[in-house]
Amino acid sequence: MITPLTETEFLCDVADHVMEVQRDEGVYRHIRFRKPGTMCMHFDLITWPGYLCYTGDMGTYVFTRLVDMFEFFRTDRSHASRAGRRLVVNLSYWSEKLEAVDGSRRGGSAEEFDAARFRKVVNEYRLDWIRGDARALLSKDERRELWEAVASDVLDRADDGGQVAFQAANDFDWKPSRYPAWSGRSWRFDDFWDHTFTDYTHRFRWCCFALAWGIEQYDLQTARKEITA
């Protein structure tokens, strides 16, 4: 299963980043964050009425929801503190506000196929079969044959990508081999598409942490200016 990026890992990545204000005129902003002297893991936050564009090493993501998108991404920081976290991100809700994604030169997405999730669901089906109808309808040898057929025909395709894995599951239709004229039930992955086999990419998770952290840095600097004004 995809290992989620943690807040601690993200904060380590940006520990030496500084904020550079390119433009700050109401909702028209261009704020850059980077480690001085390098563009490694840099990112820009660019806003205009109704939109925010994150662009940097982790790709480009355009969000739309409110006139001031900094306001949209400001979260309940006191809730985060009570939960032992500094930053609050809402992957599912924020991803719904995506207008465009360019995650890499090959195109991008906020989500990707998770082979481990696919295997988990396939194995759940397989166990249900063996403990259910297969126990009543099949011999021990036939149950072993069914078990191994799932492994060779479906599970072994999980690392070949989502399209290949889905097709293998869709094509699976097993019947006892020693009964050519078998008219009983066959074992198929019915309602398989009701399950979710994707997870958020590392790049999109990093982007969301960057949004929360970057806006926090902007707000802190704005507050300091107001105090010294």
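Modeller: Start with pairing: two strands pair if DSSP finds at least two bridges between them. Strands (E, at least two residues) and helices (H or I, at least four) are DSSP runs, numbered from the N terminus. This is a predicted model: local features need pLDDT of at least 70, side-chain atom pairs count only at pLDDT 80 or more, and totals for chains, interfaces and linings use all residues. Residues are numbered from 1 along each chain as its sequence is written, and side-chain values use heavy atoms, without hydrogens and water.

Biologist: What is the bridge partner of glutamate 25 in strand 2?

Modeller: The partner is tyrosine 28.

Biologist: How many bridges join strand 1 to strand 2?

Modeller: There are 7, and these strands run antiparallel. Pairing needs at least two bridges, so strand 1 and strand 2 count as paired.

Biologist: Why is arginine 205 called buried?

Modeller: Buried means under 20% relative accessible area, exposed over 50%, partly exposed in between (1.4 Å probe, protein chains only). Arginine 205 has 11% relative accessibility, so arginine 205 counts as buried. Arginine 205 lies in helix 9.

Biologist: Which residues have the most contacts inside the largest nonpolar core?

Modeller: Among them are Phe10, Tyr54 and Trp206. Such a core is a set of buried Ala, Val, Leu, Ile, Met, Phe, Trp, Tyr and Cys residues joined through side-chain atoms within 4.5 Å. Helix 9 gives the most, with 11 residues.
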